[in-house]
Amino acid sequence: MAQAANTRTFNIPPQSLASALPLFGQQSGRQITADAALVRGLSTQGVQGTMTIDAALQQLLAGTGLSWSGSRGATIALHRIGQSSDSTLQLDPVQVQGYPVPSQAMIDNIPAPYAGGQVATGSQLGLLGNRDVMDTPFNQTSYTAKKAQDQQAKTIRDVLIDDPSVRSFYPDGSTGIDAMYIRGFSVLDSPMLGGLQGMAPYLSVMPEFAERVEVLKGPSAMLFGMPPGGSVGGTINLVAKRAGPDPLTQFTASYNSTAQFGGHVDIGRRVGPDKEVGVRLNGVYRAGQTAVEWNSDKRALTTLGLDFRGERVRLSADLGYQYQFINGLIPFIALGANVPVPWAPDARSNPGGQPWSTNERKDIFGIVRGEFDLTERITAYATFGAHDYRNGQFGVFNVAVNNASGAATTTPRTQNIYSTWLTGEAGIRGTVDTGPIGHEFAFSATTLQQDQGANAVNGTAYATTIYDPLIVARPNLANPAANKTATSTLSSLAIADTLLMADKRIQLTLGGRLQQVRSTNYNVLTGAQTSTYDQSALTPSVALVVKPWSNVSLYGNFIQGLQQGIVVGPAFTNAGEIFAPYVSTQFEVGVKVDWGKLTTTASLFQITQPSILTNVTNNTQYLGGEQRNQGLELNFFGEPIEGVRLLGGAMFLDAVLTKTQGGVTNGWTAPMAPSVELRLAGEWDLPFVPGLTLNGRMVYTGSQYIDATWPRRSLAAWTRFDVGARYTFENPGAKGKLLVARFNVENLFDTNYWAGGFGATTLSVGAPQTFRLSLTADF
């Protein structure tokens with residue numbers, strides 16, 4: 001109870017320490033005393049999130065050489081490390097009124113940042129609500145908006161670059177999506193927004209509206225339900241920004257090589273007698289030529305986050321629009337059968353592309369939520385969301401390489417696509433005690449309806465090469481209207497109970513979800529119904545956390561993932577047979593250690609994913625294939641030394657085809673699954689140049705097979721280095737506010753390499769050397 005009373009929510013942006021201290025006094029409810037000369041000329045990286053006053057002071061004073069005393073009382077005194085306070089200046093406190101948010105709530109209950117500010121102390125865990133990282137029986141990491149901003153991330157995949165279990169491979173400006181692999185399995189689903197499937201912008205997401213980018217490794221059917229794309233390797237969730245207790249007006253101007261300019265405005269306000277109403281507006285526009293020949297990328301984003309904090313009621317809404325127009329698309333590279341992997345072409349040359357290839361995307365999305373505290377320990381909630389996506393493509397999207405010299409053919413195409421989603425969820429979360437055992441229980445009901453449509457027209461094929469692309473005239477192709485191709489509904493009921501024993505040192509979670517999948521497919525030309533699907537599956541889960549010491553967590557889990565089964569096509573003897581959803585299964589054990597300012601984790605996992613095979617004897621399809629991924633993950637994050645922040649880790653993966661057609665390839669390494677992934681990123685606040693921070697990153701991906709044919713073809717291992725710098729100084733035009741200049745270089749040595757793909761027909765080249773420059777001003 002004492003720790004809860006000493007916990008506050010802080011929202012103090014980077015600025016001079018002299019101007020930050022009064023804000024800290026207001027938000028902590030404490031008097032701050034400090035010698036004016038002691039804080040003169042010092043700056044702070046700020047404090048964001050809900051945490052104890054001691055933890056907030058530690059972040060606020062990081063790198064200043066100052067310490068404090070008296071944080072448990074009404075007055076806090078600052079002094080130099082190793083000295084006591086004497087001559088002081090007292091700053092008056094301002095008490096901030098607000099209503100307490102119970103631990104089981106989700107609105108306005110975001111976990112605080114960890115030491116260093118790049119990673120949060122916890123994440124949203126779907127059905128289970130918010131969980132501290134040490135109480136989470138899974139490998140989950142939550143990256144902060146500060147990391148995304150300092151990194152100058154353009155998409156969500158940029159934010160996740162430091163996670164060794166997550167691998168992306170399509171560069172900006174390509175026809176691909178923010179495609180990723182997690183734990184060696186492809187993730188085809190877009191990120192969730194606030195735990196809801198289908199609500200974030202489709203295919204590629206700008207990160208400026210996200211307060212957190214969370215990644216959960218492994219299947220998650222019990223926690224989040226079945227994703228529309230059936231991904232089992234992991235789940236990505238976005239948490240939208242909210243207005244903090246103090247006014248925020250921030251503008252960032254940016255420039256990316258070669259000639260891409262942009263701007264981002266971030267405005268937050270709270271109004272009302274108790275600041276119970278919050279408004280957060282983010283607007284982004286970025287356009288211009290990229291580092292790749294003919295390729296330009298125009299993006300725009302507008303989001304509005306609203307929230308209301310009542311005594312027992314909390315409401316929120318997230319409304320957004322995202323637009324993207326790419327000209328001079330970078331196409332996929334497809335290798336023909338038995339064609340050796342050629343040398344990676346110059347990434348700047350747009351291998352096989354055309355100046356007139358375009359891709360236009362539009363997303364409109366919105367979510368409204370409500371929470372009501374039935375009691376102090378039980379909260380009911382409901383949410384509703386809608387999302388409309390439109391995509392028009394014209395040009396060259398795939399280049400088929402015919403030999404090792406890079407000779408290729410390609411076919412221009414025009415295509416229109418749409419998808420709409422409607423989703424809803426209602427449930428209850430709460431805590432109860434039954435003698436020596438406590439319970440954190442949850443129940444939810446969800447539904448997600450998706451309608452899809454598409455249509456395409458192909459042009460005339462022509463010959464080209466990936467090393468010296470042939471420029472041809474823009475063809476005259478019809479622009480077909482997208483016709484309905486499928487509709488599906490995913491509904492589920494889920495329940496979970498976490499049993500808390502031995503003062504929460506033992507936490508056993510039991511849960512399950514009953515998932516129903518209904519879908520109908522249509523002929524794209526005639527609109528006639530071609531197949532229907534109606535199946536269900538139950539996915540139980542068991543997870544355990546044991547804390548032998550307060551800073552050590554041992555955990556294990558059994559959890560499953562779901563993919564929609566197929567309806568056997570007319571070419572097979574068992575045509576029309578409907579397969580139940582495929583169930584993938586994960587077993588995982590791990591250990592997490594919080595060393596104070598550095599957290600390390602180690603995880604061992606096994607995931608088995610089933611697949612369809614064909615019995616050539618009787619020409620039937622059956623569920624008999626399997627891929628098994630076993631791996632070891634090592635992760636670390638935090639600020640082990642004052643002014644030095646580390647982030648990264650390693651994944652060692654053994655992905656094997658265990659059940660294949662006729663057993664011919666049993667025991668083979670699975671395609672697109674490197675055995676080693678390494679990430680090491682660091683920041684250093686130079687003590688002899690106040691305000692200057694240097695950063696660097698190393699990304700290593702091991703070699704990977706691209707298919708399961710003989711002779712086996714593979715992509716070579718590659719290593720990429722990134723460097724950068726950040727300088728924080730006082731804004732001369734706004735007293736007490738800061739300016740932050742950032743400069744980052746990706747692919748420092750301009751290395752050409754095959755980054756990866758979904759297989760031999762969707763390969764891509766890594767992005768060329770690119771630099772990013774920005775200036776952020778607070779007003």
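Predicted model: local features only at pLDDT ≥ 70, side-chain atom pairs only at ≥ 80, totals over all residues.

Biologist: Where is Thr258 found?
Modeller: Thr258 is found in strand β19, residues 258–271. Strands here are DSSP runs of E with at least two residues, helices are runs of H or I with at least four, and both are numbered from the N terminus.

Biologist: What is phi at Asp108?
Modeller: Near 55°, a positive value, and Asp108 is not a glycine. Asp108 is in the loop between β8 (89–91) and β9 (122–124).

Biologist: And at Asn350?
Modeller: Also positive, about 55°, again in a residue that is not a glycine. Asn350 lies in the loop between β23 (332–335) and β24 (358–375).

Biologist: Is Asn350 buried or exposed?
Modeller: Asn350 counts as buried, because its relative accessibility is 0%. Buried means under 20% relative accessible area, exposed means over 50%, and partly exposed is in between (1.4 Å probe, protein chains only).

Biologist: Zoom out. How many helices and strands does the protein have?
Modeller: Seven helices and 47 strands. Of the 779 residues, 56% count as buried.

Biologist: What is the radius of gyration, and how does it fit a compact globule?
Modeller: The protein has 27 Å; a compact globule of 779 residues would be near 28 Å, so the two agree. The radius is taken over C-alpha atoms, and the globule rule is 2.2 Å times the number of residues to the power 0.38. Along the principal axes, the C-alpha atoms fill a box of roughly 85 × 60 × 45 Å.

Biologist: What share of the contacts is between residues 24 or more positions apart?
Modeller: 68%, taking the contacts with a separation of 6 or more. Contact means heavy atoms within 4.5 Å.

Biologist: Helices next. How do α2 and α4 cross?
Modeller: The axes of α2 (residues 17–28) and α4 (residues 53–60) come within 12 Å and cross at roughly 170°. So α2 is roughly antiparallel to α4. Axes are lines fitted to C-alpha atoms, for helices over the stretch in contact, and angles run from 0 to 180 degrees between N-to-C directions. Under 35 degrees is roughly parallel, over 145 roughly antiparallel, 65 to 115 roughly perpendicular, and the rest oblique.

Biologist: Which residues meet there?
Modeller: Leu17, Ala20, Leu21, Phe24 and Ser28 from α2 meet Ile53, Ala56, Leu57 and Leu60 from α4. Eight of the residues in this contact are nonpolar, one is polar and none is charged. Nonpolar covers Ala, Val, Leu, Ile, Met, Phe, Trp, Tyr, Cys and Pro; charged covers Asp, Glu, Lys and Arg; the others, Gly among them, are polar.

Biologist: Which residues touch the most other members in the largest nonpolar core?
Modeller: Leu160, Leu193, Val213, Ile236, Leu238 and Leu763, in a core of 74 residues. A core is a set of buried Ala, Val, Leu, Ile, Met, Phe, Trp, Tyr and Cys residues joined through side-chain atoms within 4.5 Å. A second, separate core of 22 residues includes Ile12, Leu17, Ala20 and Ala56.

Biologist: What does Ile236 contact, beyond four places in sequence?
Modeller: Its partners include Ile156, Leu160, Met180, Val213 and Glu214.

Biologist: Last one. Where is Ala482 found?
Modeller: In the loop between β30 (462–465) and β31 (483–501). Ala482 counts as partly exposed because its relative accessibility is 25%. The C-alpha atoms of Ala482 and Gly453 are separated by 5.4 Å, though the two are 29 residues apart along the chain.

Note on methods. Residues numbered from 1 in each chain as written. Heavy atoms only, no water.
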